[in-house]
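Here are some friendly notes to read alongside the structure. Please keep the 3D view open and find each pair as you go.

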Amino acid sequence: MAKTIVVIPTYNEIASIASVIDRIHLTTAGTHVLIVDDNSPDGTGRLADELAAADERVHVLHRSEKNGLGAAYGAGFAWALERDYDYVVEMDADGSHQPEELPRLIGLLDGGDDMGIGTRWIPGGTIVNWPLHRKLISRAGTFYSRVMLRSRLHDLTSGYRGFRAEALRSVDFTRVASQGYCFQIEMAWQFERSGARVGEFPITFIERAEGVSKMSTGIVVEALTKVTLWGLASAVGRAPAPLPLRADVAR
Ligand SMILES: Nc1nc2c(ncn2[C@@H]2O[C@H](COP(=O)(O)OP(=O)(O)OP(=O)(O)O)[C@@H](O)[C@H]2O)c(=O)[nH]1
Ligand SMILES: [Mg+2]
């Protein structure tokens, strides 16, 4: 069986992190977890250390300050790729992504996809407890990104996704400079245009019940600006170069 690690970035997620890890292990007992904590003031990092001390499947990477989702994932990916994991998975700490759906993602990677994306906007995908305006923003954002980036993917901002380690290793993700949601868009777009095999599976996304959202205007503006610039540059034949992908990963 493939060796899987779930990378979970945390900033003030003390209320939910333990139960997310429990649910991961109830679903797939052999899966490892890496918590990447940005020195959360609420003590998430200390709790993570306690969980790691009690369970060899749990690991923690401490970072000194809040530096955004993209930087946390970059550090987490690098940590995972230095070890012998076959699959590297992304999941939020706030319970929005259901650990019980992990086997669907692993199934895509087992089937040969380089990347699998949990998607809200395909048949079978659902969102629980989001007001209408949030659904509209998410749908509009994905629609805009699909058109601008000429993507065939249905949920470019989704943070529930996974990679075959060798595919992730082959792209220079340190050059993915986006911080917030845009990190997810940029990674998906880069994988797709590099010729990697990207699969989608439907997910049930449940709005966080505890803790505080880290979503900010700056994060939305970053995504809107970059997607627009990439799209316009592509339209005049000046798209930024795709991240280098090894020949044996490209198909
Ligand atoms: N280490 C780290 N984790 C972060 C940072 N920003 C967000 N996160 C984590 O990334 C995940 C997603 O962040 P959320 O605040 O849930 O963002 P969101 O899902 O877009 O917003 P909600 O819909 O309100 O939940 C959570 O596990 C956060 O704790 C950061 O700067 N550093
Ligand atoms: Mg969330």
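1. A first word of care: this is a predicted model. Our topic is charged side chains. Side chains of opposite charge can pair when their charged atoms come close. Counted by the salt-bridge rule, there are 14 such bridges here.

2. Start with Arg208, which counts as buried at 14% relative accessibility. Its side chain meets that of Asp94 in a salt bridge, with 3.4 Å from N to O. Asp94 lies in the loop between strand E4 (87–90) and helix H4 (102–110), and Arg208 in the loop between strand E9 (204–206) and helix H8 (217–235), so this pair ties together parts that are 114 residues apart in sequence. Asp94 is buried as well, its relative accessible area being 11%.

3. Next, look at helix H8, where Lys226 and Glu222 sit 4 residues apart, a separation of about one helical turn. They form a salt bridge whose closest N and O atoms are 3.7 Å apart.

4. Finally, find Arg164 and Glu166, whose side chains meet in a salt bridge at 3.2 Å, N to O. Arg164 counts as buried at 13% relative accessibility. Glu166 is partly exposed, with a relative accessible area of 38%.

Terms used:
Residues numbered from 1 in each chain as written. Chains lettered and ligands numbered in written order. Predicted model: local features only at pLDDT ≥ 70, side-chain atom pairs only at ≥ 80, totals over all residues. Heavy atoms only, no water. Salt bridge = Lys/Arg side-chain N within 4 Å of Asp/Glu carboxyl O. Helix = DSSP H or I, 4+ residues; strand = E, 2+ residues; numbered from the N terminus. Buried < 20%, exposed > 50% of the residue type's maximum accessible area, 1.4 Å probe, protein only.
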